[in-house]
Amino acid sequence: MEEVKSGVVKHILLAKFKDGISEEQIQEYIKGYANLVNLVPTMKAFRWGKDVSIENAHQGFTHVFESTFESTEGIAEYLPHPDHVEFSKILLPQQEKALVVDYKPTAVQL
């Protein structure tokens, strides 16, 4: 099946920050991540949240970061964008582990 490149795409980063990083520092990283919406034209929205699950299935991941793009091409332009690359050099070393998934949201019609 041929991949459809147009349509909204979500870029999800699950992160576990290293021990010793304060909540204040994490808040600064979140502000920097959110500011990429103002710097990278293809990034249309940013949301984040902290794990609140009672299932204890998070595998150590504590934070979720969601970026919205209009297409897979938008993500392809975002990844090498100088502002994203520079921010990644700041954020990624602060993480003990990370997982990235890109997906196209699909509504279920019953």
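The model is predicted, so local features need pLDDT of at least 70 and side-chain atom pairs count only at pLDDT 80 or more, while totals for chains, interfaces and linings use all residues. Residues are numbered from 1 along each chain as its sequence is written, and side-chain values use heavy atoms, with hydrogens and water left out. The protein holds three helices and four strands, where helices (H or I, at least four residues) and strands (E, at least two) are DSSP runs numbered from the N terminus.

**Overall architecture**

- Read from the N terminus on, the elements of the protein follow the order β-α-β-β-α-α-β, and its C-alpha atoms fill a box of roughly 45 × 40 × 20 Å, taken along the principal axes.
- UniProt, in an unreviewed entry, places the feature "domain: Stress-response A/B barrel" at residues 9-103; UniProt positions are given in the numbering used here, feature names are shortened, and annotations may be inferred rather than shown by experiment.
- The end C-alpha atoms of that span, residues 9-103, lie 6 Å apart, and the span is 36% helix and 37% strand.
- Among contacts in the protein with a separation of 6 or more, 77% are accounted for by residues 24 or more positions apart, a contact being heavy atoms within 4.5 Å.

**Surface and burial**

- The accessible surface of the protein comes to about 7,400 Å², of which 56% belongs to carbon and sulfur atoms; accessible areas come from the Shrake-Rupley method with a 1.4 Å probe, and for residues only the protein chains shown count as cover.
- Of the 110 residues of the protein, 32% count as buried, where buried means under 20% relative accessible area, exposed over 50%, and partly exposed in between (1.4 Å probe, protein chains only).
- L99, V101 and Y103 form a nonpolar patch on the surface, with about 240 Å² of accessible area together; patches are made of residues with over 30% relative accessible area and no salt bridge, with like charges joined within 9 Å and nonpolar side chains (Val, Leu, Ile, Met, Phe, Trp, Tyr) within 5 Å.

- H63 is found in strand β3 (residues 63-71) and is buried, with a relative accessible area of 3%.
- The side chain of H63 makes a polar contact with the side chain of T62 at 2.8 Å; a polar contact is a pair of N or O atoms within 3.5 Å, and within protein one must be able to donate a hydrogen and the other to accept it, while residues adjacent in sequence count only if both atoms are side-chain atoms.
- Apart from neighbours within four places in sequence, H63 is in contact with L13, L14, A15, F17, I26, W48, G49 and K50.
- S67 also lies in strand β3 and is buried, with a relative accessible area of 0%; leaving aside neighbours within four places in sequence, its contacts include V9, H11, Y33 and F46.

**Strand β4: A98**

- A98 lies in strand β4 (residues 95-103) and counts as partly exposed at 41% relative accessibility.
- A98 and L13 are 85 residues apart in sequence and 6.8 Å apart in space, C-alpha to C-alpha, and A98 touches L13, L14 and F61 when residues up to four places away in sequence are not counted.

**Salt bridges**

- The count comes to four salt bridges, each defined as a side-chain nitrogen of Lys or Arg within 4 Å of a carboxyl oxygen of Asp or Glu.
- E96 forms a salt bridge with K16, with the closest N and O atoms 3.2 Å apart; because E96 lies in strand β4 and K16 in strand β1 (residues 6-17), the pair ties together parts that are 80 residues apart in sequence.
- K50 and E23 meet through their side chains in a salt bridge (3.2 Å, N to O); K50 lies in strand β2 (residues 43-50) and E23 in helix α1 (residues 23-39), so this pair ties together parts that are 27 residues apart in sequence.
- K50 is partly exposed, with a relative accessible area of 43%, and E23 counts as partly exposed at 38% relative accessibility.
- K31 forms a salt bridge with E28, the closest N and O atoms being 3.5 Å apart, and both residues lie in helix α1, three residues apart, about one turn of the helix.
- K31 is exposed, with a relative accessible area of 52%, whereas E28 counts as partly exposed at 49% relative accessibility.
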